[in-house]
Amino acid sequence: MKHIFLERFVRQLESFPIDTQNKFYKQLNFLLNNIRHPSLHAKKYDETKGIWQARVDKNIRFYFQIDGETYILLGVERHKK
């Protein structure tokens, strides 16, 4: 699988501390190799728009769409509990 970062995603990711950014890249590697990796907890977030949600850690989620063989990274933000 391949991935594309939307501009919005990049801005949001850069607003987090470097350790959080590093956690994201670790999770991205898991996503690219196996969407069902247990630490991702990947699930459909918005069925009508085809948006998925996965974990960076217990407090931060990232959102993406799947287009063929490409993950389109849409956003990353603190989890609203």
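Leaving aside its neighbours within four places in sequence, which residues is threonine 20 in contact with? They are Val56 and Ile60, where contact means heavy atoms within 4.5 Å. The legends below set this residue among other parts of the structure.

This is a predicted model, in which local features need pLDDT of at least 70 and side-chain atom pairs count only at pLDDT 80 or more, while totals for chains, interfaces and linings use all residues. Residues are numbered from 1 along each chain as its sequence is written, and side-chain values use heavy atoms, with hydrogens and water left out.

**Figure 1. The whole protein, from end to end.** Let us begin with the overall fold. The protein has two helices and five strands; both kinds of element are DSSP runs numbered from the N terminus, with helices being H or I of at least four residues and strands being E of at least two. Along the sequence, the pattern reads β-α-α-β-β-β-β. The radius of gyration is 12 Å, close to the 12 Å that the globule rule gives for 81 residues, so the protein is as compact as a globular protein of that length. Here the radius is taken over C-alpha atoms, and the rule is 2.2 Å times the number of residues to the power 0.38. The C-alpha trace spans about 30 × 25 × 25 Å along its principal axes.

Figure 2. Of the 81 residues, 37% count as buried. Buried means under 20% relative accessible area, exposed means over 50%, and partly exposed lies in between (1.4 Å probe, protein chains only). The protein exposes about 5300 Å², and carbon and sulfur atoms supply 50% of it; such areas come from the Shrake-Rupley method with a 1.4 Å probe, and for residues only the protein chains shown count as cover. Among the contacts with a separation of 6 or more, 40% are accounted for by residues 24 or more positions apart.

Figure 3. A search of the whole structure finds 10 aromatic pairs. The rings of phenylalanine 5 and phenylalanine 9 have their centres 5.3 Å apart and their planes at 10 degrees, so this pair is stacked. Rings of Phe, Tyr and Trp (its six-membered ring) pair if their centres lie within 6.5 Å; planes under 30 degrees apart count as stacked, over 60 as edge-to-face and the rest as tilted. Phenylalanine 5 is partly exposed, at 26% relative accessible area, whereas phenylalanine 9 is buried at 0%.

Tryptophan 52 and phenylalanine 64 are also a stacked pair, with 6.1 Å from centre to centre and 15 degrees between the planes. Tryptophan 52 lies in strand S3 (residues 51–55) and phenylalanine 64 in strand S4 (residues 60–67), so the pair ties together parts that are 12 residues apart in sequence. Both of these residues are buried. One aromatic cluster is formed by Phe5, Phe9, Phe24, Tyr25, Trp52, Phe62, Phe64 and Tyr71.

Figure 4. Take arginine 8 and glutamine 12, both placed in helix H1, which covers residues 7–14. Arginine 8 is partly exposed, at 45% relative accessibility, while glutamine 12 is buried, with a relative accessible area of 18%. Not counting residues up to four places away in sequence, arginine 8 touches Leu74, Gly75 and Glu77. With neighbours within four places left aside, glutamine 12 is in contact with Leu74, Gly75 and Val76. Arginine 8 and glycine 75 are 67 residues apart in sequence, yet 6.5 Å apart in space, C-alpha to C-alpha. For glutamine 12 and glutamate 77, the separation is 65 residues in sequence and 7.2 Å in space, again C-alpha to C-alpha.

Figure 5. Threonine 20 is buried, with a relative accessible area of 8%. Histidine 41 lies in the loop between H2 and strand S2 (43–46). Is histidine 41 buried or partly exposed? At 44% relative accessibility, histidine 41 counts as partly exposed. Its phi is near 50 degrees, a positive value in a residue other than glycine.
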